[in-house]
Amino acid sequence: MSAFSLRRLLAVVRKELRQLRRDRLTFAMIVGIPSMQLLLFGYAINLDLRHLDAAVLDQARSYNARELVAELAQSQVFDFRYRLASPAELDALLREGRISAALVIPPDYERRLIERDRPAVQLVVDGSDQVVQQAARQLAAAPVGALVAPLHAATTPGQVEVVNYYNPGRLAPLNSVPGLIGVILTMTMVLFTAIALVRERERGNLEFLIATPLSPLELTLGKVLPFVAIGLVQTTLVLLLGRLIFGVPVRGALWDLYLAALVFIVACLALGIFISTLARSQFQAMQLAFFIFLPQILLSGFMFPFAGMPRPAQWLAEALPLTHFVRLVRGIMLRAAGLADLWPELAALGVFAVLLLALAALRFRKRLD
Amino acid sequence: MNTGRTSAGPMSAEPAGRGRGGGTRAVAIRARGLTRRFGAVVAVDGLDLDVRTGEVYGFLGPNGSGKSTTLRMLCGLLRPSAGEIEVLGHRIPREAEALKRRLGYMTQKFALYDDLAVTENLGFVAAVHGLDRAAAHSRVEELLARYQLTEQRDQLAGTLSGGQKQRLALAAAVLHRPPLLLLDEPTSAVDPQSRRDFWDALFELADAGATLLVSTHYMDEAERCHRLAILDRGRLVAEGSPRDLLDALPGCTFLVEGASPRAAQHALTGAPGVLSTAQIGASLRVLTDRRDATAEALQRQLAEAGLDAAVRATTSNLEDVFVHATRPGREAAA
Ligand SMILES: Nc1ncnc2c1ncn2[C@@H]1O[C@H](COP(=O)(O)OP(=O)(O)O)[C@@H](O)[C@H]1O
Ligand SMILES: [Mg+2]
């Protein structure tokens, strides 16, 4: 008998599909996770900061000062709820957590604008909130430079270009849906394969199977192949919902997108298989999957801009498959890039998949010990 | 004892124990110095084993005595820490893959898929063994009929009764007509009638020429084996046919009746010549270590303790053999 048999492989695939069909919960998750996440990220979780409670301490009381406040308010990053009369009030509000930031316009605002020797305005932020701090700092970099310059140069208030720097313009779904495909695939593919393989061991099926001619390759491939199809179905689902609900387009070639997704799915499955060789129980497999899921979500550039991360975090991110897929999928969907432009990312995913499969194969023995 | 031997097995197993050279071997399983350690635990300790072709060989031992570990090593699922194994002429674990086509293994825990129907499970096993669609279909039908699973054919395996599950597991283990079957406590979750039926099925397979190695902790099942090995804490402490083992018993067995068994047990435990005592219902079973121990001597000992009881000799059974073989301090004496 040959070492690899298509009949045995197909027998495992058929068995796996039958079991999947009867496993209502998994079946529901295959469709439920993508839909739920899409809606969550599209509507509820807004990664762009807006409507921060803020205060203004306007000591200049000039036309230009009022204009500045109006411009900033228009950006919707800040809601200036309080007009203050003294720095003491500002301190109190910040300490009580009633505001996240305060804009301080000094009495000599106009003079500072002209002489440009000192910061024209001050943005006081609540440093205890990392996210607010970061956002406000980015903003604070602008008023002395970009934001103030047009004010200074032109007499065309209301046409401040700089607002685009941080006005999210309600484009959140456009940015998050492509990356979301990667997040959903990471979440479901890694977890499902890891659990599916460990379950076989935990329920004792493996002890019988390894006493048969079934090879580890046939067993693993047979269990994993259905998930490739499921991954592609999930990709399609997110693309369709993204299109119908949020109008997210695919500007590049659909084929490129699916090819990238396919390679990424294989990489995720390889990761899942590898996890299954480490975990002794389904619970352990789940923990390990989440352990790897978190850094991917945080470092891949899906949530926070890659460029803003410290060096070591960037190196780590390069070693995560989701990072490369997020670049691929954003490039293809938003910038109409082709795989010809993005081949290094695709190659990275391929290398990742091959490496992990080899590692898993080394660890998988057709024995119980 | 041999009810199961009357029906000639319709199963057309291939002649057992045929080595790769084609010559018939007398020995199906041979192990020397077989040892397996799990950390500090020695699960199997220097086991020597010879199972002859065509026999039903029993592994008798309490939980934790190393039965499962031994079976797993014999079919190549676990590597021995030390020792040599040859099964059907294959050196194990090196040639385990070749053995897997000629071996049927029934695990202690039900190892088929609870969420697959009976026919789906068997169909899967058939495909794994390389049977094509038509061959698989006819073989599955044959097995359903033989093991009375026709009515349950579309039922999910997880919903079967204990006896039905065991029959399904046996059907899966013999599907590819292996000349050697390793069965790990196949009747542990089954009612007495199902156990008898199951053993009939095993003898049917043996009559068709298969070699069977069956582990059990039931004495009545051990009695039915052609030969058996008694395991205790990983060591083989006795081996032979049930008859030989009984004949080799150096002591005799007495039944103490009429007194409170607990009081009698208290009086006799540790008394000279008394190996062990076991309460059976309202009487006490006493195993002595000398053949010349008499009922009178025991009665005297009981009387000294103020107990008035009837003591009579009774025939020894495998339980007594087992107790004798595993008595404490045996290693020191041997
Ligand atoms: N995988 C394992 N890891 C650690 N110890 C084990 C393992 N398998 C068995 N043992 C130990 O080896 C001994 C023999 O176990 P086992 O072979 O299952 O006995 P039996 O089948 O006779 O009940 C027990 O003490 C058990 O705890
Ligand atoms: Mg056991």
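The legends below describe close-up views of a predicted model.

**View 1. A nonpolar surface patch on chain A brings together residues of helices H1 and H10.**
The patch covers about 520 Å² and is made by Phe4(A), Leu6(A), Leu10(A), Leu217(A), Leu221(A) and Leu225(A). Two or more of these residues come from helix H1 (6-22) of chain A, and two or more from helix H10 (216-246) of chain A. The greatest contribution is that of H10(A), which gives 3 residues to the nonpolar patch. Leu225(A), one of the residues that make the patch, lies in helix H10 of chain A. With a relative accessible area of 38%, Leu225(A) is classed as partly exposed, because this class covers the range between the buried limit of 20% and the exposed limit of 50%.

**View 2. The second largest pocket is lined by residues that include members of both chain A and chain B.**
The volume of this pocket is about 500 Å³, and the elements that give two or more residues to its lining are H1 of chain A together with helix H3 (118-128) and helix H4 (133-146) of chain B. The lining consists of 21 residues, and those that lie nearest the centre of the pocket are Arg14(A), Gly123(B), Phe124(B), Arg133(B) and Ala136(B). H1(A) gives the most to the lining, with 6 residues. Divided by class, the lining of the second largest pocket has 10 charged, 8 nonpolar and 3 polar residues.

**View 3. The largest cavity is lined by residues of chain A.**
The model has 7 cavities of 30 Å³ or more, and the largest cavity has a volume of about 90 Å³. Its lining is made up of Leu197(A), Val198(A), Glu200(A), Arg201(A), Leu206(A), Leu219(A), Ser276(A), Thr277(A) and Phe364(A). Helix H8 (172-202) and helix H11 (254-278) of chain A each supply at least two residues of this lining, and H8(A) gives the most, with 4 residues. By class, 5 residues of the lining of the largest cavity are nonpolar, 2 are polar and 2 are charged.

**View 4. Glu200(A), a residue of the lining of the largest cavity, forms salt bridges with Lys15(A) and with Lys223(A).**
In the pair with Lys15(A), the closest N and O atoms of the salt bridge are 3.3 Å apart; this pair links distant parts of the chain, with Glu200(A) in helix H8 of chain A and Lys15(A) in helix H1 of chain A, 185 residues apart. Glu200(A) counts as buried because its relative accessibility is 4%, and Lys15(A) likewise counts as buried at 1% relative accessibility. In the pair with Lys223(A), the closest N and O atoms of the salt bridge are 2.6 Å apart, and here too distant parts of the chain are linked, with Glu200(A) in helix H8 and Lys223(A) in helix H10 of chain A, 23 residues apart. Lys223(A), like Glu200(A), is buried.

The side chains of Glu120(B) and Arg22(A) meet at 2.8 Å, N to O. Over all chains, the count of salt bridges comes to 33.

**View 5. The second largest cavity is lined by Phe208(A) together with residues of chain B.**
About 70 Å³ of space lies in this cavity. Besides Phe208(A), the lining is formed by Tyr105(B), Met106(B), Thr107(B), Lys109(B), Phe110(B), Ala111(B), Leu112(B), Gln166(B) and Ala169(B). Strand S6 (103-106) and helix H5 (162-174) of chain B each supply at least two residues of the lining. By class, 7 of the lining residues of the second largest cavity are nonpolar, 2 are polar and 1 is charged.

How values were computed
Residues numbered from 1 in each chain as written. Chains lettered and ligands numbered in written order. Predicted model: local features only at pLDDT ≥ 70, side-chain atom pairs only at ≥ 80, totals over all residues. Heavy atoms only, no water. Patch = residues over 30% accessible without salt bridge, like charges linked within 9 Å, V, L, I, M, F, W, Y side chains within 5 Å. Areas by Shrake-Rupley, 256 points an atom, 1.4 Å probe, with all protein chains shown as cover. Salt bridge = Lys/Arg side-chain N within 4 Å of Asp/Glu carboxyl O. Buried < 20%, exposed > 50% of the residue type's maximum accessible area, 1.4 Å probe, protein only. 1 Å grid on protein atoms, 1.4 Å probe; cavity = no way out; pocket = protein on both sides within 12 Å on 5 of 7 lines; lining within 4 Å. Points joined across faces, edges and corners; volume = space filled by probe spheres on them. Nonpolar A, V, L, I, M, F, W, Y, C, P; charged D, E, K, R; others polar.
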